[in-house]
Amino acid sequence: MSDQGWGTKAYTGLLNIQSKYDVDIFYKEGITSEQIAERAIKEFQNKGVNLIFGNSSAFGTFFNALSKKYPNIHFVSFNSNAKNQNTTSMILDGYSIGFFGGKVAGYMTKTNIIGIVAAFENQPEVQGFTDGAKFENKQVKVLTKYVHSWDNREKASLLLEQLLSQNVDIVYPTGNSYNQEIIEKAKAEDLYSIGFATDRTDLGDGNVLTSTIQDIAELYAYTAKKFNEGDLSAGNMYFGMSDNFTSIGEFSEHVDKEFILKINKEINDFKKSGKLPNEQKAEDNEDDNK
């Protein structure tokens, strides 16, 4: 809950549910195996819990394996593949926001070398960012380093140093706990960055060109509302820019107004048509989320 990214926003979502519905909330961290997950589920069951959020794709696997034992609990995971009658996966379209974030980076780079400090290989926003940067700038080279963790700040910093030694002038950190630190280190080198998961324009001085935002707190609220109304479907549900659960954040003053007008028009066109400027549709990339 203290990662200042996805986890913090999810915890905010829980607090909002607690306030709106006057219910008790509980949370556990460090759930790294199916066995540990089941211990937590049993504890929650004993407290009368009937809705459990697993705040990543890994929980989809755990919930598919365990949920049939707990028919009175509804299990919600994210960006996974829900298979049982009391499991739901909320899938956020990361590719499209990544694509538009990549277009901004491709337009703004001076060295034509952009770096990504990614958590894992299967992040759709990483592929979207790469495709968007190359679509905007045919000369651009995108270098990607993988932390293989959402939160390993030390390794992420080492990978950033490797990227900077290769003349990278814009960096996109797609992790949780290390996200803000990478942006601040890039800023210290007078380099640009693209924010991830939450709006990072508050870091100041215009070094954050824009952010690829996933409004997980609002998605928690939406899920709780559907559940409370008895209308939360099993299976996979898809959300993206058209329903404002994902978005592109404010633009830095360093991005020229003509380009901002252009990309805002492209975003609006995408919301209406479902087609990105490269003619791909959001649903073409949904399997990357599972």
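F270 is buried, with a relative accessible area of 5%. The cut-off for buried is under 20% relative accessible area. This is a predicted model.

F270 sits in helix α9, which covers residues 257-273. Which residues does F270 contact, leaving aside its neighbours within four places in sequence? They are D93, S96, F100, M241, K275, L276 and A282. D202 is 68 residues from F270 along the chain, and their C-alpha atoms are separated by 27 Å.

Next comes the sheet. It is open and has 6 strands, in the order β5-β4-β6-β7-β8-β10. The pairing is mixed. β5 (141-146) and β10 (246-248) stand at the edges. Each has a single partner strand, so one side of each is left without a neighbour in the sheet. From one strand to the next, the twist averages 15°.

How do β8 and β10 run, and how many bridges join them? They run antiparallel, and 3 bridges join them. β8 covers residues 208-214. Here I213 stands opposite S247 in β10. Helix α7 packs on the sheet, where it touches β6 (170-174), β7 (192-197) and β8. The direction of α7 makes about 170° with that of β6.

Now the helix pairs. Two packed helices are described by the angle between their axes and the distance between the axes.

| Helix pair | Residues | Angle | Axis distance |
|---|---|---|---|
| α6 and α7 | 153-164 and 179-188 | roughly 30° | within 10 Å |
| α4 and α5 | 94-108 and 124-136 | about 40° | 6 Å |

The axes of α6 and α7 cross at roughly 30°. Angles under 35 degrees count as roughly parallel, so α6 is roughly parallel to α7. Their crossing is right-handed. On α6, the contact is made by R153, A156, S157 and L160; on α7, by E181, I182 and K185. By class, this contact has 3 nonpolar, 1 polar and 3 charged residues.

The crossing of α4 and α5 is right-handed. What does α4 bring to the contact? Its residues are G94, Y95, G98, F99, G101, G102, K103, A105, G106 and Y107. From α5 come P124, E125, Q127, G128, F129, D131, G132, A133, F135 and E136. By class, the contact of α4 with α5 has 8 nonpolar, 8 polar and 4 charged residues.

Terms used
Residues are numbered from 1 along each chain as its sequence is written. This is a predicted model: local features need pLDDT of at least 70, side-chain atom pairs count only at pLDDT 80 or more; totals for chains, interfaces and linings use all residues. Side-chain values use heavy atoms; hydrogens and water are left out. Axes are lines fitted to C-alpha atoms, for helices over the stretch in contact, and angles run from 0 to 180 degrees between N-to-C directions. Helices (H or I, at least four residues) and strands (E, at least two) are DSSP runs, numbered from the N terminus. Angles under 35 degrees count as roughly parallel, over 145 as roughly antiparallel, 65 to 115 as roughly perpendicular and the rest as oblique. A crossing is left-handed if the near helix is turned anticlockwise from the far one by less than a right angle, and right-handed if clockwise. Contact means heavy atoms within 4.5 Å. Ala, Val, Leu, Ile, Met, Phe, Trp, Tyr, Cys and Pro count as nonpolar, Asp, Glu, Lys and Arg as charged, and the others, Gly among them, as polar. Two strands pair if DSSP finds at least two bridges between them. Buried means under 20% relative accessible area, exposed over 50%, partly exposed in between (1.4 Å probe, protein chains only).
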